[in-house]
Amino acid sequence: MTSNTAQQDAAVADRAILANNAYADGRHLAARQSIYRWQQPQYDLPGIIVEELADISGTVVDVGCGNGKFVNRLQCDRPDLQVVGMDISAGILADVAKPVLVADAQALPFADDSADAVLALHMLYHVGDIEATIKELVRVLRPGGLLIVSTNSDLDKQELDRLWARAAGEVLGIPEGPARVSLSSRFSLEKAPGYLGTAFKNIRVRQLSGIIEITDPAPVMTRGEAPARHARPESPCFSAGRKSTMLIS
C-alpha cells in the first residue's frame, strides 16, 4: 500500500466527493468488492460479523454501511436484532434494508449509550477527523458494547502499487510515475491500534490473509486497476471491556 500525499488524503475524506461521486450509488463499491471473488482462501465477511455478534442483543448500528452488504445479512441471519444502516450518501442506501439514515459519522444522530454494537467497516479512513469519529462511536455504545472495525494492512496490494507506478511512468515518459491513491492508508491495520487504544483497553485483532490472483482484466479495469496477483494481508477485525473493540483485517 502506498502512502498518500496530503492532497490525496484530503480527497479520500472529502465529503462532497464521497457522497456525490465515489459512493453516489453502489456501483463503484460493488466493483471493488467483486475482485475478492478471486481471493484464496475465501472469507465470508458478513458471516464473520454475524459470528462476532453472537453474544450481542438489542441495537446494532452500521456506520458507513455502503450498499448494505452487512446490514442485509444481519437482518436475514439475526432478525432478533434492531439493525440500523447509516451512510453519508443517500444514493447508496437505495437498496439497503430499512431502517436507514443519512448522516455524518463525525456527528452520529444517536443518543449516548444507545447501541449494543457498532460496526465501522472499511470506512474510518474516509472521515475527516478519525479521533473525533472514534469518540462518537464510543459515545453511542452502551457499557459492555462492542465496536467492530475493519481496514486493510499497509502491506495490502504492494504488487499493484508497483504496477501502477510503472504504468504511470510509461504514460508520462518518466522512470516511475506517481503513486496510486490508497483509500485505507490513513487508518490501516498498523495505525488502527494507536487510534483505537485512546478509547479502548481491550482490543482484539483478527487477521484474514489471502492472495487475489486475477488473469481476466475486466474486473480490475472496472475498478481502475491493472491485472495482477495481489498478496493481501486482508482486512483485520479489531474487537475490544466496559466497551470493547474488534479490528478485522
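Aspartate 104 has a relative accessibility of 18% and therefore counts as buried, where buried denotes under 20% relative accessible area, exposed over 50%, and partly exposed the range in between (1.4 Å probe, protein chains only). The model is predicted, so that local features require pLDDT of at least 70 and side-chain atom pairs count only at pLDDT 80 or more, whereas totals for chains, interfaces and linings use all residues. Residues are numbered from 1 along each chain as its sequence is written, and side-chain values use heavy atoms, with hydrogens and water left out.

The side chain of aspartate 104 meets that of arginine 15 in a salt bridge, at 3.2 Å from N to O; a salt bridge is defined as a side-chain nitrogen of Lys or Arg within 4 Å of a carboxyl oxygen of Asp or Glu. Because aspartate 104 lies in the loop between E4 and strand E5 (115-121) and arginine 15 in helix H2 (residues 15-22), the pair ties together parts that are 89 residues apart in sequence. Helices (H or I, at least four residues) and strands (E, at least two) are DSSP runs, numbered from the N terminus. Arginine 15 is partly exposed, with a relative accessible area of 48%.

By the salt-bridge rule, the count comes to eleven. In general, side chains of opposite charge can pair when their charged atoms come close. One of these salt bridges joins the side chains of glutamate 52 and arginine 206, at 2.6 Å from N to O. This pair links distant parts of the chain, with glutamate 52 in helix H4 (residues 45-52) and arginine 206 in strand E7 (residues 203-206), 154 residues apart. Glutamate 52 counts as buried at 14% relative accessibility, while arginine 206 is partly exposed, with a relative accessible area of 23%. Both residues belong to a network of salt bridges that links Glu51, Glu52, Arg204 and Arg206.

A further salt bridge is formed by arginine 73 and aspartate 77, whose closest N and O atoms are 2.8 Å apart. Both residues lie in helix H5, four residues apart, or about one turn of the helix. Arginine 73 is partly exposed at 26% relative accessibility, and aspartate 77 is likewise classed as partly exposed, at 36%.

Helix H5 (residues 69-77) also takes part in a right-handed β-α-β unit together with E2 and E3. A crossover is termed right-handed if, with the strands pointing away from the viewer, the path from the first strand over the helix to the second runs clockwise. Strand E2 (residues 59-63) pairs with E3 in the parallel sense over five bridges, pairing being assigned if DSSP finds at least two bridges between two strands. Within this pairing, threonine 59 has glutamine 82 of E3 as its bridge partner. Strand E3 (residues 82-87) is mostly covered, five of its six residues being buried. E3 is also joined by three bridges to strand E4 (residues 100-102), and the two run parallel. In E4, valine 100 is the bridge partner of glycine 85.

An antiparallel arrangement is found for strand E1 (residues 39-40) and E8, which are joined by two bridges. Glutamine 39 stands opposite isoleucine 212 in E8.

Serine 150 is located in strand E6 (residues 141-150) and counts as buried at 5% relative accessibility. The side chain of serine 150 makes a polar contact of 2.7 Å with the side chain of histidine 122. A polar contact is a pair of N or O atoms within 3.5 Å; within protein, one must be able to donate a hydrogen and the other to accept it, and residues adjacent in sequence count only if both atoms are side-chain atoms.

For the chain as a whole, the secondary structure comes to nine helices and eleven strands. Buried residues make up 50% of the 249 residues. The chain exposes about 11,200 Å², of which carbon and sulfur atoms supply 54%; accessible areas come from the Shrake-Rupley method with a 1.4 Å probe, and for residues only the protein chains shown count as cover. On the surface, Val171, Leu172 and Ile174 form a nonpolar patch with about 310 Å² of accessible area together. Patches are made of residues with over 30% relative accessible area and no salt bridge, like charges being joined within 9 Å and nonpolar side chains (Val, Leu, Ile, Met, Phe, Trp, Tyr) within 5 Å. Leucine 172 lies in helix H7 (residues 158-172) and counts as exposed at 52% relative accessibility.
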